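Please open the structure in a viewer and keep the sequence panel at hand.

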Amino acid sequence: YINTFVIMTDYIYSIKAKNVNKTFKRKNLEVNALKDFNIKIKKGSIHGLLGPNGAGKSTFINILGGLVKKNKGNISICGIDIDKNQKLSKFKIGIVPQELNIDPFFTPFELLDLQAGLYGISKKNRKTEEILDNLGLIDKKNAYARTLSGGMRRRLLVAKALVHSPSMLILDEPTAGVDVELRSMLWDYIRDINSKGTTICLTTHYLEEAEKLCENITILDKGEVIKDDTKVNLLNIISTKTVSFDLANKQELPRELIAFNPKIEKNRLTLSYDKSKISLNNIINILNKHNIVFLEMSTYESNLENVFTKLISSNGNN
């Protein structure tokens, strides 16, 4: 059983890793899964951990869960050094793995109850039905896990990770194979528990998902951090913005617009500009100056996928 009465000092970061290295030996080769990896995940935040396949995301998560041993470096979970107090540090986190590692011959209720027992949660303090209800699984609580759909099994993994009310929840590709409606419900629940104080660390290949949810993002490639910043700052890496105008009629374009790479197709004028150097109002003023009438205007900015692609490409991946 975990002694939950250990007196702890307050902490700023739910996860703090410094100069973490992990090398795997494969035949006669050494593979550097993590190289001087550093990350700080603020308490109470939703933090994205992104990168291509093989970047080192799962290796780091497995180190946090005690499944893989790091070669060197320091890691603390909620202010607890994982080397000095492994049991207590594990009690502070819940991990939702990529793999659907669920015993098919147990029901959701039995699986959660068993998991709570392993964490030393007394029966009177277990929240089995509450968790199942919050994740839309209460009507399946007595069904064998093997009869559940892929999306339900994915949510059941999330439920298992929450039985001990962890301070930090780590989600490794949690919505893989989940349909749009269930994904939306899952994230509503994640936002809810985050609003109540649970820190969330998310890895996902759905970059739109990370863009909507995350406040801070760390991008990994080849075991190294290539960018760590707020979402807002990352989105500002690519400053190009596109604007289109539906023109009232055919117009001859003034020379001032040549710098914005103008394109016209079926009376729609499309321009590209650097938002760090010029404002949209400047462009609108040029149109007004030349009496170019437009009926509608639409703007488009770079998204996280554009930023991710640019950073990974510049790091030597095609």
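The stops below begin with confidence and then turn to strands and helices.

**Before selecting**

This is a predicted model, in which local features need pLDDT of at least 70 and side-chain atom pairs count only at pLDDT 80 or more, while totals for chains, interfaces and linings use all residues. Residues are numbered from 1 along each chain as its sequence is written, and side-chain values use heavy atoms, with hydrogens and water left out.

**Stop 1: colour by confidence**

Colour the protein chain by pLDDT, the predictor's confidence in each residue, from 0 to 100. The mean for the chain is 89, and 96% of its residues reach 70 or more. Select residues 1-8, where the pLDDT is below 50; beyond near neighbours in sequence, this stretch has 10 contacts (heavy atoms within 4.5 Å) in the model. Where pLDDT is low, the predicted coordinates should not be read in detail. Helices (H or I, at least four residues) and strands (E, at least two) are DSSP runs, numbered from the N terminus.

**Stop 2: strand β4 and its partners**

Select β4 together with strand β1 (residues 13-26): the two pair in the antiparallel sense over five bridges. Two strands are said to pair if DSSP finds at least two bridges between them. N21 stands opposite K72 in β4. β4 and β5 form a hairpin with two residues between them, and C78 in the turn has a positive phi of about 55°.

**Stop 3: the six-stranded sheet**

Next, display the open sheet of six strands, whose order is β6-β7-β8-β3-β9-β10, with mixed pairing. β6 (93-96) and β10 (224-230) stand at the edges with a single partner strand each, so one side of each is left without a neighbour in the sheet.

Now select strand β8 (residues 199-203). Five of its five residues are buried (under 20% relative accessible area, 1.4 Å probe, protein chains only), so β8 is largely enclosed by the rest of the structure. T199, C201 and T203 lie on one side, and I200 and L202 on the other. Strand β7 (residues 168-172) runs parallel to β8 and is joined to it by five bridges, with L171 partnered by L202. Strand β3 (residues 46-50) also pairs with β8 in the parallel sense, over three bridges, and G48 stands opposite L202. Four bridges join β3 to the parallel strand β9 (residues 216-221), where N216 stands opposite H47.

**Stop 4: helices on the sheet**

Select helix α1 (residues 57-64), which lies across β3, β6, β7, β8 and β9 and runs at about 145° to β7. Such angles run from 0 to 180 degrees between N-to-C directions, with axes as lines fitted to C-alpha atoms, for helices over the stretch in contact. Helix α10 packs on the sheet as well, touching β3, β9 and β10, and its direction makes about 35° with that of β9.

Which residues of α10 are buried? They are L304, V307, F308, L311 and I312. Seen down the axis of α10, these fall within an arc of 125° (taken from the directions from the helix axis to the C-beta atoms), so they line one face of the helix. They pack against β3, α7 (207-213), β9, β10 and α8 (231-235).

Note on methods
Buried means under 20% relative accessible area, exposed over 50%, partly exposed in between (1.4 Å probe, protein chains only).
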